[in-house]
Amino acid sequence: MLKTKIISVALGVALVVPYVLAAPTPEEDRKAAVEYYKQMFPDVQINDFVNGQYALNEDRRKQWESLQDFPPYEFAVAEGQEMFETPFANGKTYASCFDNEGIGVRQNYPHFDQSRKEVITLELAINECREANGEKALRYKKGDIASISAYMASTSNGKAFNITIPDDPEAQAAYQDGKEFYYSRRGQLNFSCASCHVQNPGKWIRADFLSPALGQPASFPVHRSKWGELGTLHRRFAGCNNNVRAKPLPAQSEEYRNLEYFLTYMSNGLPVVGPSTRP
Amino acid sequence: MNKTLLSVSLSLSLLVPLCAQAGAKEDFEKTYSEAVSTNENAGNFQWTTTFSTLKAAKSAAESGDYEEANAMASKALKLAEESVVQRKEQATAWKSAVIGG
Amino acid sequence: MIDQTRRGLLKGVLGAGVAGIALGSGLVPLRALAAPDASKWPKKAFATPGVDETIAELYGMEAEESDKISMDLPTIAQNGAVVPVKVETSLPNVTGIALLVAKNPNALAATFEIPKGTLPFISNRLKMAETTDVVAVVISDGKAYKATQNVKVTVGGCGG
Amino acid sequence: MASSIRARAVESGGVVSIKALVRHPMDSGFVKDSAGNIIPPHFIQKLTISHDGKNVFVADWGPAVSKDPFLECRFEGGKKGDKLTISWIDNKGESDSTTATIA
């Protein structure tokens, strides 16, 4: 009698959460992605995927390399450093809000905050640091926040992404949510992120050359020639959504933070190369 | 007698276009609000084109062109309906595109 | 329409006023180091459409094709706003180099004086409105030589 | 305020290579802002690099030079430790100047 009860309970659990149990773990996802892109681009060194389209197209790579002589974001990074080091009105600095005073920590973002039950991105942490110190929050897509984030990324240059997903159902759910977002078709054009960056990297879509999903967030924030300035990852998310005629979500919305969580986890082990330049 | 007839016919002739006008306006408002509420159901799968078409409908209505406004509102409704279908499909369909899945 | 024009005009007047005040009150930063003298900036050459017309305006002569000029620029520009262009030449006694973008509203992008002792090499980044020929002109022994290379521009460098 | 010019000069085998980046909008006068108004032209017209009191490089620029312009040039006769002066002036008469040491 007792035995049947236990069995039925176990069955019930299995029925209620079949996908979560059946779904591959984040680590299995990541390994499958690495394997997938290795097969698709056997000549590309794994760490080179962080350079996106430049890993896949020689003509583009040459243009990018020629920009590296004196990248157009140099001024912004210097300004970011100045802001990072300038005390707030209360005398404290950004350093007081971060591990290791904010130097060389980019590779640990985004992370899941188990007490708040949500994903914390670097830009969110920057603004929360400002607010905790009595300063106004910055706008999320460009400008000062991109410069500060770019400076912080530059102090992590070459460090391997180390995104952790704690053994917490809500952290797992945030990851799954981001994964679902990446693979869901959206907008009038009915494209998912994956339609371009999983199924067609290395190909042209009109004037744009598509990058692989692997390594995508590692170069952010980026200076796009199209923007003529630095922009954050969430600005890019919004741009991609807009391109497929899907209404973009607000920068730092829960959806975009979860998306960043999934996408950056896929790049675990790859080096931080932000800030960088893109067309 | 004559006078009454005249006033009846006058009021009729005035009423006809007003009625037609009122009908088109009501049609527009009905379709427009249906499009807006359908679009809400698309959640985070809303399309930018739905919004731009709704906007076009509204500005046509404001300029008094209810025929155009109605056409735009119907188009927006159709777009909103398609985005709702997309949302429902993708709730499961996304899994088929996953690497290794 | 009228309003817009008036606003444009007002703005222009205001802009000029502000610039005038700034100059008058010495708000423009005075530096210890003298600013370059831009009085000889070739205004007319920078306002001329067409490659040959611009070369004639700039140097008063025609340029001859030369295979001794090497140009390094992308086949397809990733964005017309920032196209890296490098020019180097083995021609002797070079005194000047110019870069022209054939399809831009005005062809001349930049000219460079190459004093004695400076190598006949330059690297610059240019804007291009559309797919275009880029022409490098080199003044060697007092004569003009040129080389041409085409760049495909899919996203134009004129904003938008 | 920080300088608008960042420059690096390196001597190798008797040749000094100079790379410089200047912060400047380089507005062409052909672009409209989001409100549809023409952004008036605002661009650097002349940039000079001098060493030991004489110009080693003079650039005349037009509005087709990219925003935040980049320049690379090379000259002979400079030594490590020598100073270079890089200066620019734009069409509104604004100017800036900086010195760089050859490494």
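This is a predicted model: local features need pLDDT of at least 70, side-chain atom pairs count only at pLDDT 80 or more; totals for chains, interfaces and linings use all residues.
Which residues on the other side of α2(B) are exposed?

**View 1. Helix α2 of chain B, residues 48–62.** This helix has 15 residues, and the distance from its first C-alpha to its last is 21 Å. That span is close to the 21 Å expected at 1.5 Å a residue. The buried residues of α2(B) are B:Thr49, B:Thr50, B:Thr53, B:Leu54, B:Ala57 and B:Ala61. Seen down the axis of α2(B), these buried residues fall within an arc of 135 degrees, so they line one face of the helix. An α-helix has 3.6 residues a turn, so residues three or four places apart point the same way. On the other side of α2(B), the exposed residues are B:Lys55 and B:Glu62. After the helix comes B:Gly64, which has a positive phi, near 90 degrees.

**View 2. Helix α6 of chain A, residues 122–132.** Buried positions in this helix are A:Leu122, A:Glu123, A:Leu124, A:Ala125, A:Ile126, A:Asn127 and A:Cys129. What do the buried residues of α6(A) pack against? Their partners, also in chain A, are β2 (118–120) and α7 (144–154). Just after α6(A), the phi of A:Gly134 is positive, about 80 degrees.

**View 3. The contact between chain D and chain C.** Here 38 residues of chain D are in contact with 37 residues of chain C. Five strands of chain D, namely β3 (44–51), β4 (54–61), β5 (70–76), β6 (83–90) and β7 (95–101), each supply at least two residues of the side that touches chain C. Sorted by class, that side of chain D has 18 nonpolar, 13 polar and 7 charged residues.

**View 4. Strand pairing between chain C and chain D.** Which strand of chain C pairs with β5(D)? The partner is β7 of chain C, residues 121–126, and the two strands pair in the antiparallel sense over 2 bridges. Within this view, C:Ser123 stands opposite D:Glu72, a residue of β5(D).

**View 5. The fold of chain C.** Chain C contains 2 helices and 9 strands. Along the sequence their pattern is α-α-β-β-β-β-β-β-β-β-β. Chain C has 160 residues, and 36% of them are buried. Among the contacts in chain C with a separation of 6 or more, 64% join residues 24 or more positions apart.

Key: Residues are numbered from 1 along each chain as its sequence is written. Chains are lettered from A and ligands numbered from 1 in the order in which they are written. A residue is buried if 20 or more other C-beta atoms lie within 10 Å of its own, exposed if 12 or fewer, and partly exposed in between; C-beta atoms are placed from the backbone. Helices (H or I, at least four residues) and strands (E, at least two) are DSSP runs, numbered from the N terminus. Two residues are in contact if their C-beta atoms, placed from the backbone, lie within 7 Å. Ala, Val, Leu, Ile, Met, Phe, Trp, Tyr, Cys and Pro count as nonpolar, Asp, Glu, Lys and Arg as charged, and the others, Gly among them, as polar. Two strands pair if DSSP finds at least two bridges between them. The expected span of a helix is 1.5 Å times one less than its number of residues. The arc is that of the directions from the helix axis to the C-beta atoms.
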